[in-house]
Amino acid sequence: MADSSFDIVSKVERQEVDNALNQAAKEISQRYDFKGVGASISWSGEKILMEANSEDRVNAILDVFQSKLIKRGISLKALDAGEPQLSGKEYKIFASIEEGISQENAKKVAKIIRDEGPKGVKAQVQGEELRVSSKSRDDLQTIIALLKGKDFDFALQFVNYR
């Protein structure tokens with residue numbers, strides 16, 4: 001019988017982020033406490049740009065955006081927001097969406113699988129994802145439960161379970 005396997009990835013659906021950004025922009029344009037403060041949120045290349053005339057307001061924009069991401073099912077671990085920076089009279093926050101599992105993070109996950117997982121489970125790094133394979137599907141389910149119980153500083157999704 002062939003080995004069963006699944007892939008561990010860290011991906012974010014760009015369309016969902018775009019929807020969350022549009023919802024946040026709509027809320028910011030309608031909310032009373034954002035009137036007249038030059039508050040805005042938009043894409044700036046691959047980054048997300050949040051602007052307002054005070055540090056509190058720009059942090060409130062970030063908070064609104066984070067709540068919209070959560071409602072759309074996107075982990076906040078994928079959002080890498082910088083500190084508010086003063087630029088002229090405006091405060092700005094640049095945020096980016098982190099995708100892919102770095103080599104060192106993939107090695108950490110593979111080590112956890114080797115050390116704490118059932119015997120006979122193999123983990124291989126393939127670019128920005130990790131392939132986990134075993135003869136037993138039950139072992140794979142155990143690995144998924146083990147990794148969901150751990151707290152990593154990046155988002156994990158489990159795909160291609162076969």
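**Exercise 1. Describe how the axes of helix H3 and helix H4 are placed relative to each other.**

*Solution.* Step 1: the axes of helix H3 (residues 103–116) and helix H4 (residues 137–149) come within 11 Å and cross at roughly 120 degrees. Axes are lines fitted to C-alpha atoms, for helices over the stretch in contact, and angles run from 0 to 180 degrees between N-to-C directions. Helices (H or I, at least four residues) and strands (E, at least two) are DSSP runs, numbered from the N terminus.

The model is predicted: local features need pLDDT of at least 70, side-chain atom pairs count only at pLDDT 80 or more, and totals for chains, interfaces and linings use all residues. Residues are numbered from 1 along each chain as its sequence is written, and side-chain values use heavy atoms, with hydrogens and water left out.

Step 2: angles under 35 degrees count as roughly parallel, over 145 as roughly antiparallel, 65 to 115 as roughly perpendicular and the rest as oblique. H3 and H4 are therefore oblique to each other.

Step 3: the crossing of H3 and H4 is right-handed. A crossing is left-handed if the near helix is turned anticlockwise from the far one by less than a right angle, and right-handed if clockwise.

Step 4: Val109, Ile112, Ile113 and Glu116 of H3 make the contact with Ile143, Leu146 and Leu147 of H4, where contact means heavy atoms within 4.5 Å. This contact has six nonpolar, no polar and one charged residues. Here Ala, Val, Leu, Ile, Met, Phe, Trp, Tyr, Cys and Pro count as nonpolar, Asp, Glu, Lys and Arg as charged, and the others, Gly among them, as polar.

**Exercise 2. Carry out the analysis for the axes of H1 and H2.**

*Solution.* Step 1: the two axes, of H1 and H2, come within 9 Å and cross at roughly 135 degrees. That makes H1 oblique to H2.

Step 2: the crossing of H1 and H2 is right-handed.

Step 3: on the H1 side, Val17, Ala20, Leu21, Gln23, Ala24, Glu27 and Ile28 meet Ile61, Val64, Phe65, Lys68 and Leu69 in H2. By class, nine nonpolar, one polar and two charged residues form the contact of H1 with H2.

**Exercise 3. Which residues have the most contacts inside the largest nonpolar core, and which elements give two or more residues to this core?**

*Solution.* Step 1: a nonpolar core is a set of buried Ala, Val, Leu, Ile, Met, Phe, Trp, Tyr and Cys residues joined through side-chain atoms within 4.5 Å. Buried means under 20% relative accessible area, exposed over 50%, partly exposed in between (1.4 Å probe, protein chains only).

Step 2: the largest nonpolar core has 25 residues, and those with the most contacts inside it are Phe34, Ile41, Ile48, Met50, Ile61 and Phe65.

Step 3: helix H1 (14–30), strand S3 (47–52), helix H2 (55–71) and strand S6 (90–97) each give two or more residues to this core. H2 gives the most, with seven residues.

**Exercise 4. Is serine 5 buried or exposed, and where is serine 5 found?**

*Solution.* Step 1: serine 5 is found in strand S1 (residues 4–9).

Step 2: its relative accessible area is 9%, so serine 5 is buried.

Step 3: not counting residues up to four places away in sequence, serine 5 touches Arg131, Val132, Ser133, Leu140, Asn160, Tyr161 and Arg162.

Step 4: one of these partners, asparagine 160, is found in the segment after strand S9 (157–159). At 39% relative accessibility, asparagine 160 counts as partly exposed.
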